[in-house]
Amino acid sequence: MAKPSFDWLPASMGDIRRKSITVRGFMNVEFIEQQPAFLKEAAGWIADGRLKWQEVIVDGIEHAPPHS
């Protein structure tokens, strides 16, 4: 079992507010019954180019892109 790590969220709330970042959490099990239909539909969207994504990974919330 992994050792608990430091909780950065309280320390990061100032950056979240200043950069107007939206934070929403959800449990995957909330939508589990919709997963098979979504995967089938999303595969078509990916194949025809309608579904695209961009992933940006930064080390620390202080390096998050500024709000535009």
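**Helices, surface and contacts**

Student: Where does Trp-53 lie?
Tutor: Helices (H or I, at least four residues) and strands (E, at least two) are DSSP runs, and they are numbered from the N terminus. With α2 taking up 35-47, the place of Trp-53 is the segment after α2.

Student: Which pLDDT do local features need in this predicted model?
Tutor: Residues are numbered from 1 along each chain as its sequence is written, and side-chain values use heavy atoms, with hydrogens and water left out. The model is predicted, and while totals for chains, interfaces and linings use all residues and side-chain atom pairs count only at pLDDT 80 or more, local features need a pLDDT of at least 70.

Student: How many helices are there in the chain?
Tutor: The chain contains zero strands. What remains to be counted is the helices, and of these there are two.

Student: What percentage of the 68 residues in the chain is buried?
Tutor: A residue is called buried under 20% relative accessible area, exposed over 50%, and partly exposed in between, using a 1.4 Å probe and protein chains only. Among the 68 residues of the chain, the buried ones make up 9%.

Student: Which residues form a nonpolar patch on the surface?
Tutor: Patches are made of residues with over 30% relative accessible area and no salt bridge, where like charges are joined within 9 Å and nonpolar side chains (Val, Leu, Ile, Met, Phe, Trp, Tyr) within 5 Å. Trp-53 counts as exposed because its relative accessibility is 64%. The nonpolar patch has about 330 Å² of accessible area together, and its residues are Ile-46, Leu-51 and Trp-53.

Student: What is the angle between the planes of Phe-38 and Trp-45?
Tutor: Rings of Phe, Tyr and Trp (its six-membered ring) pair if their centres lie within 6.5 Å, and the planes count as stacked under 30 degrees apart, as edge-to-face over 60 and as tilted for the rest. The structure holds one aromatic pair, formed by Phe-38 and Trp-45 in an edge-to-face arrangement. Phe-38, at 45% relative accessibility, counts as partly exposed, as does Trp-45 at 24%. From centre to centre the rings are 6.5 Å apart, and the angle between their planes is 75°.

Student: Why are the buried residues Ser-12, Asp-15 and Ile-16 of α1 on the same side of that helix?
Tutor: Ser-12, Asp-15 and Ile-16 are the residues to look at, being buried in α1. The arc is that of the directions from the helix axis to the C-beta atoms. These residues are on the same side of α1 because the arc that they cover around the axis is only 105°.

Student: Which residues does Asp-15 touch, not counting those up to four places away in sequence?
Tutor: Asp-15 lies in helix α1, which spans residues 9-18, and it counts as buried because its relative accessibility is 16%. Contact means heavy atoms within 4.5 Å. Leaving out residues up to four places away in sequence, Asp-15 touches Ile-21, Ile-61 and Glu-62.

Student: How far apart are the closest N and O atoms of Asp-15 and Arg-18?
Tutor: A salt bridge is a side-chain nitrogen of Lys or Arg within 4 Å of a carboxyl oxygen of Asp or Glu, and the structure holds two of them. Asp-15 and Arg-18 both lie in α1, three residues apart, about one turn of the helix. Arg-18 is exposed, with a relative accessible area of 63%. The two residues form a salt bridge whose closest N and O atoms are separated by 2.7 Å.

Student: With which residue does Arg-50 form a salt bridge?
Tutor: Arg-50 is exposed, since its relative accessible area is 60%. In its salt bridge the closest N and O atoms are 3.0 Å apart, and the partner is Asp-48.

Student: What is the phi of Ser-20?
Tutor: Ser-20 is placed in the loop between α1 and α2, and at 44% relative accessibility it counts as partly exposed. Although Ser-20 is not a glycine, its phi is positive, with a value of about 55°.

Terms used
Areas by Shrake-Rupley, 256 points an atom, 1.4 Å probe, with all protein chains shown as cover.
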